[in-house]
Amino acid sequence: MTRVDAPFQKHLQKVEAWLAGQPNITVLYELQRDDRRAVTLPTQINRFLDQRLDSEQMLAAVDRTLYRNRAA
């Protein structure tokens with residue numbers, strides 16, 4: 001954990017609490033990148049946006065070579 005993590009988490013909690021109190025704002029939370037969810041995420045986003053997007057085109061636009069590899 002870095003010295004930035006604790007203040008960031010505190011701020012995030014404040015923002016989430018504020019959002020929860022806003023009846024005019026709907027939030028879709030996707031907390032972390034997960035390759036296993038890459039196939040289903042466009043469909044979830046499309047549902048959230050009332051079917052206004054083409055999920056297949058969203059999925060086709062992803063270039064996995066652009067995401068850097070992280071050492072485990």
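Predicted model: local features only at pLDDT ≥ 70, side-chain atom pairs only at ≥ 80, totals over all residues.
**Exercise 1. Determine how many helices and strands the chain contains, and in what order the elements run.**

Solution. 
Step 1. The count gives three helices and zero strands.
Step 2. Read from the N terminus, the order of the elements is α-α-α.
Step 3. Helix α1 covers residues 5–20, while α2 spans 41–48 and α3 spans 55–60.

**Exercise 2. State which helix has the highest confidence and which has the lowest.**

Solution. 
Step 1. For the chain, the mean pLDDT is 84. A value of 70 or more is reached by 83% of the residues.
Step 2. Confidence is highest in helix α1, at 94.
Step 3. Confidence is lowest in α3, where the mean is 88.

**Exercise 3. Locate Asp-50 and decide whether this residue is buried or exposed.**

Solution. 
Step 1. Asp-50 belongs to the loop that lies between α2 and α3.
Step 2. The relative accessibility of Asp-50 is 57%. The cut-off for an exposed residue is over 50%, and Asp-50 therefore counts as exposed.
Step 3. The backbone of Asp-50 deserves a remark: its phi is near 60°, which is a positive value in a residue other than glycine.

**Exercise 4. Carry out the corresponding analysis for Gln-51: where does this residue lie, and is it buried or exposed?**

Solution. 
Step 1. Gln-51 is also placed in the loop between α2 and α3.
Step 2. With a relative accessibility of 53%, Gln-51 counts as exposed.
Step 3. Phi of Gln-51 is positive, near 60°, and the residue is not glycine.

**Exercise 5. Decide whether Ser-55 is buried or exposed, and identify the residues that it touches.**

Solution. 
Step 1. Ser-55 is situated in helix α3.
Step 2. Its relative accessibility is 15%. A buried residue has under 20%, so Ser-55 counts as buried.
Step 3. When residues up to four places away in sequence are left out, Ser-55 touches Pro-42, Thr-43 and Asn-46.
Step 4. With one of these, Asn-46, Ser-55 forms a polar contact between side chains, at 3.3 Å.

**Exercise 6. State what percentage of the chain counts as buried, and describe its accessible surface.**

Solution. 
Step 1. The chain has 72 residues, and 6% of them count as buried.
Step 2. The accessible surface amounts to about 6700 Å².
Step 3. Carbon and sulfur atoms account for 55% of that surface.

How values were computed: Residues numbered from 1 in each chain as written. Heavy atoms only, no water. Helix = DSSP H or I, 4+ residues; strand = E, 2+ residues; numbered from the N terminus. Buried < 20%, exposed > 50% of the residue type's maximum accessible area, 1.4 Å probe, protein only. Areas by Shrake-Rupley, 256 points an atom, 1.4 Å probe, with all protein chains shown as cover. pLDDT = per-residue confidence, 0-100. Polar contact = N/O pair within 3.5 Å; in protein donor to acceptor, adjacent residues only side chain to side chain. Contact = heavy atoms within 4.5 Å.
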